[in-house]
Amino acid sequence: MRHLLSTQDLSLANAIRILDTAEEMAAVGEREVKKLPALRGRTVVNLFFEDSTRTRISFEAAAKRLSADVINFSAKGSSVSKGESLKDTAQTLEAMSADAVVIRHWASGAPQQLATSGWIDAAVINAGDGTHEHPTQALLDAFTMRRHLAALNGTDSVGSDLTGFRVAIAGDVLHSRVARSNVWLLQTLGAEVTLVAPPTLLPVGVEHWPCKVSYDLDSVLESGMDAIMVLRVQAERMNASFFPSTREYSRRWGLDDARLARLDTLGMTDTIIMHPGPMNRGLEISSSAADSPRSTVLAQVRNGVSVRMAALYLLLSGDLRDPVPVYSPASARRPGPAPRSTNETGGNAR
Amino acid sequence: MSSETAVGASRVVMSAADIDRALTRIAHEILEANKGSRDLILLGIPRRGFPLAQRLALKLGAADPDLDAAAIVGQLDVTMFRDDLARQPTRAPERTKLPASGIDNKVVVLVDDVLYSGRTIRAALDALVDLGRPRVVRLAVLADRGHRELPIRADHVGKNLPTASAEKVRVRLCETDGAGPGWTADEVVIEASA
């Protein structure tokens with residue numbers, strides 16, 4: 001594994017490996033000294049072309065807990081607003097010898113482009129690209145589910161998968177990279193996924209995804225679920241009317257107080273409520289659902305740091321990286337005058 | 001020693017009985033050096049140091065009935081503290097488990113199977129610093145094969161093995177290695193270079 005770009009091409013063994021490593025990283029967060037020297041001297045660049053709170057902070061905390069140096073870059077207030085291309089930005093980072101680039105971009109496939117174009121030598125971690133994928137979010141969701149399952153069974157979560165775990169993912173699937181990453185990863189881990197959304201918020205070709213699809217949240221809840229993941233209604237990506245009104249959306253597909261109460265009457269005492277955040281309280285999730293003991297929203301944020309530590313550690317610690325070509329003064333000088341003297345004459349001429 | 005028999009390119013240098021005797025001796029040495037079992041904590045370094053620490057604790061418990069053997073054993077993962085992380089293939093970290101009493105002001109005995117370059121122990125000492133401040137740290141190893149690269153020595157040694165650096169010292173314990181093909185009980189083997 002050299003990059004972490006999507007969960008679709010993540011093997012079961014690698015997924016389990018990341019989750020198991022995250023389990024050990026979580027233990028570090030409970031210690032007196034919450035820091036490991038594993039990535040000392042490595043540089044991690046957070047390259048954020050899109051707004052983010054928890055993902056950027058989470059990656060920053062993860063890199064710092066592993067003793068890496070962190071450079072934060074956001075498109076606002078940088079040369080990107082002057083029209084600098086992704087390639088030029090990436091090569092600037094390469095010149096500063098970044099070892100890993102954590103990228104969030106509005107365009108689907110930007111991390112893939114960065115990883116495969118040969119512009120840079122660094123490991124690339126996808127922190128969300130357009131409406132494509134958000135692999136570390138799916139991994140932290142799976143980590144949260146796995147811990148919940150292990151606590152229920154009274155077993156150790158290390159090494160286990162999610163066989164038989166029933167997950168409903170409800171809401172704006174069309175615009176959600178979280179839903180896509182989760183569908184692939186949860187399927188790899190053996191969970192049963194049901195997508196619940198209005199037909200207008202389901203992507204074309206969803207029938208080929210390895211999951212069930214329903215338009216009716218109530219009947220899905222009645223069929224019995226171990227986790228309900230509510231997705232954010234992404235108003236900023238909606239350029240057409242996908243549903244008549246927010247009130248109607250909330251009534252038919254939102255996890256409101258009535259549905260929260262029905263979980264108890266249906267006897268689903270161990271069902272957890274998940275949300276990738278940020279939440280639109282009152283729209284897709286009611287305040288009492290978000291704050292109920294079932295809610296794992298804050299646990300998800302906490303687990304995010306552990307999972308991202310695991311991903312950074314596994315991508316950066318090994319010797320799998322191609323060696324960086326060593327600059328040798330002898331070979332550089334032979335063809336002609338040394339580059340530096342050329343620059344100096346150029347400077348003098350001016 | 002009578003148990004030293006040559007099997008092809010590898011020779012067995014410690015049998016199951018030898019290992020057991022060595023651990024019994026080390027257990028008594030630990031008690032002697034510590035003047036009893038007070039404040040003792042045994043931390044095994046994964047993978048094979050941990051079962052060795054457990055066995056040592058049982059022997060300490062047998063020698064001192066007041067001692068709760070299970071309560072003094074822990075595991076100390078040193079993966080993240082190694083100095084060769086960037087050069088080796090990625091290793092997944094193991095779990096660090098400390099006894100409930102913690103390690104502050106305790107006598108911590110690090111337990112590992114083979115002492116070689118000393119770099120693992122250096123990493124272990126760094127890992128310990130982040131977990132607390134023991135009163136004393138000691139080192140017990142089943143086999144010391146020499147070729148140290150750092151100024152580190154063991155306080156308790158099961159057996160000193162003169163080796164060439166091209167040779168491999170392999171420790172097999174039933175807890176970590178199961179019963180494999182060609183062997184049935186615990187043993188320490190020196191394998192010649194291929």
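The model described here is predicted.

In chain A, 5 strands form an open sheet with parallel pairing, arranged in the order S7-S6-S5-S8-S9. The edges are taken by strand S7 (212-214) and strand S9 (272-274); each has a single partner strand, so one side of each is left without a neighbour in the sheet. On average, neighbouring strands are turned by 20 degrees against each other, direction ignored. Strand S6 (residues 192-196) pairs with S7(A) in the parallel sense over 3 bridges, and Thr194(A) has Lys212(A) in S7(A) as its bridge partner. Helix H6 (residues 177-188) of chain A packs on this sheet, where it touches S5, S6 and strand S8 (227-230), and its direction makes about 155 degrees with that of S6(A).

Strand S5 (residues 166-170) of chain A holds Val167(A). Is this residue, Val167(A), buried or exposed? With 24 other C-beta atoms within 10 Å, where 20 or more are needed, Val167(A) is buried. Leaving aside residues up to four places away in sequence, Val167(A) touches several residues, including Leu186(A), Val193(A) and Met229(A). Gln113(A), by contrast, lies 54 residues from Val167(A) in sequence and 32 Å from it in space, C-alpha to C-alpha.

Turning to chain B, helix H2 (residues 49-63) has 15 residues, which at 1.5 Å a residue should span 21 Å; the end C-alpha atoms are 21 Å apart, in agreement. Buried residues of H2(B) include Phe50(B), Leu52(B), Leu56(B) and Leu60(B). Among the elements covering the buried residues of H2(B) are helix H1 (16-34), strand S5 (107-115) and strand S6 (136-144) of chain B.

Notes
Residues numbered from 1 in each chain as written. Chains lettered and ligands numbered in written order. Predicted model: local features only at pLDDT ≥ 70, side-chain atom pairs only at ≥ 80, totals over all residues. Helix = DSSP H or I, 4+ residues; strand = E, 2+ residues; numbered from the N terminus. Expected span 1.5 Å × (residues − 1). Buried ≥ 20, exposed ≤ 12 C-beta atoms within 10 Å, placed from the backbone. Contact = placed C-beta atoms within 7 Å. Pairing = 2+ DSSP bridges. Axes fitted to C-alpha atoms, helices over the stretch in contact; angles between N-to-C directions.
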